[in-house]
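Reader: Could you walk me through a few details of this protein, with the cut-offs spelled out?
Author: Gladly, here it is.

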Amino acid sequence: MLLCVSASHKTASFELLERLSIHTTRVAPLIAEHDECVQGAVVVATCNRFEAYVDMDEPVTAAEAVGLEAALSAIESATGVSADEFSGSYEVISGPRVAQHLFAVASGLESVVVGEGEIAGQVRRALTEARGDGTTSPELERLFQRASETQRGVKNSTALGRAGRSLVRLSLDLASARFADWVTLRVLLVGTGSYAAATLAALRERGVTDITVHSPSGRGERFARKHALAVADAAGFATAAKLSDLIITCTSVEHPVLSAATFGDEASVARSAPGHERHRRLVIDLGLPRNVDPDVATVSGTDLLDLETIRVHAPLEELQATDAARALVADAAQRFTVVGERRTVAPAVVALRTHMFELLEAEIARGRRRGDDERTEQALRHLVGRLLHTPTTRAHALAEQGRADEVFAALEVLYGLAPEDAASEDDGDAASELAG
């Protein structure tokens, strides 16, 4: 059984994610050595995501609970984040949902900037690291390899990779209708993540130089130094907002960072200055969930442009690509699950075919001793092939329905076979038997 313990920008604070991503002790080996029923582990750790993928021995009672315990224990040992502190900041995904989740993650569908390509390389590196540590398993290898294949399919078949950048570009294109000269604008950028970096680049392309950054999570100083910007701390945020012609918010916080109350009494702050043309203020909210309270639109001289408005008024191919990408991911995950279910019944199919062909070879040998010609041998081989076709096809169908146990039980009752004896066959042998 596959299990994923996932903490991301959707479930955890960036501060916690940063602590999880900075560790000198490898987490995957600690998970793998926790219990003998843990078949393997791969860990994906980035600044926006920490995920432990665990392969558990399916027959083990409470395998999911054991896998979660292994992951939490390893996380605490490697990062110092205790289970209690971690509680409420992660979700547990198990079974067929794991494939769909990883395929979506690798394709950039779950990133802060939807469609960003960096995560694909991080997923590949996670598998490479696990291989080096000796913590992969056949099922985890298959899972991560199919994830990379799915990511390439999404990249080649959709415009998802351009979606994040297009969203920023489109919002600024819409803003151009009111700003004739971008050079004179005072801009407040709220956020320091990938969207903020993309927005900053787009603003500078338009000639904007007067840019102040504010970070609700306290990362403004570092971002400002890196990009040579002015910074507004918590105490100066309201004043910076009042002074700005354009405010762009792009943070992952779950509550609005800007509201009508932020502006208070604007009469005490003069937005106009020598050489500065006063504009009607525009607030662009690129946050998910929304960063700006809708009541901002009631502030005198202020307009609000949010994601819903952007998508409705100017739909682009890139912005519609998410649905197409998710459809590709769902299809790939379904195929992954079907193949996996078929593999669960492989030992039974191998056992049945081995049994039948042993009987066949014995009968052919007996016929040769009697002097039977080659036509008799060909007829016997053809007959056994016909006899095996229906039970093999039926076994596959039952496995896809989650009824593999019935196949194993039938073989034991009808033939006295113990399919587990064939489980030691390697994947290549099992695959050839299934293909036959």
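Author: Two strands pair if DSSP finds at least two bridges between them; helices (H or I, at least four residues) and strands (E, at least two) are DSSP runs, numbered from the N terminus. This is a predicted model, where local features need pLDDT of at least 70, side-chain atom pairs count only at pLDDT 80 or more, and totals for chains, interfaces and linings use all residues. Residues are numbered from 1 along each chain as its sequence is written, and side-chain values use heavy atoms, with hydrogens and water left out.

Reader: Thanks! How many bridges join β9 to strand β10?
Author: Strand β10 covers residues 302-306 and runs parallel to β9. The number of bridges joining β9 to β10 is five.

Reader: And which residue in β9 is the bridge partner of L246?
Author: Strand β8 (residues 246-249) runs parallel to β9, and four bridges join the two. For L246, the bridge partner in β9 is L282.

Reader: Which residues of β9 are buried on the side away from L282 and I284?
Author: Buried means under 20% relative accessible area, exposed over 50%, partly exposed in between (1.4 Å probe, protein chains only). In β9 (residues 281-285), five of its five residues are buried. In a regular strand the side chains alternate between the two faces of the sheet. Here L282 and I284 are on one side, and on the other are R281, V283 and D285.

Reader: Which strands stand at the edges of the open sheet, each with a single partner strand?
Author: Four strands form this antiparallel sheet in the order β2-β3-β1-β4. Each edge strand has a single partner, so one side of each is left without a neighbour in the sheet. The two edge strands are β2 (38-45) and β4 (91-94).

Reader: What is the phi of A228, roughly?
Author: Most residues other than glycine have a negative phi. A228 lies in the loop between α10 (220-227) and β7 (230-231), and its phi is positive although A228 is not a glycine. The value is near 55 degrees.

Reader: Is A228 buried or exposed?
Author: The relative accessibility of A228 is 67%. A228 therefore counts as exposed.
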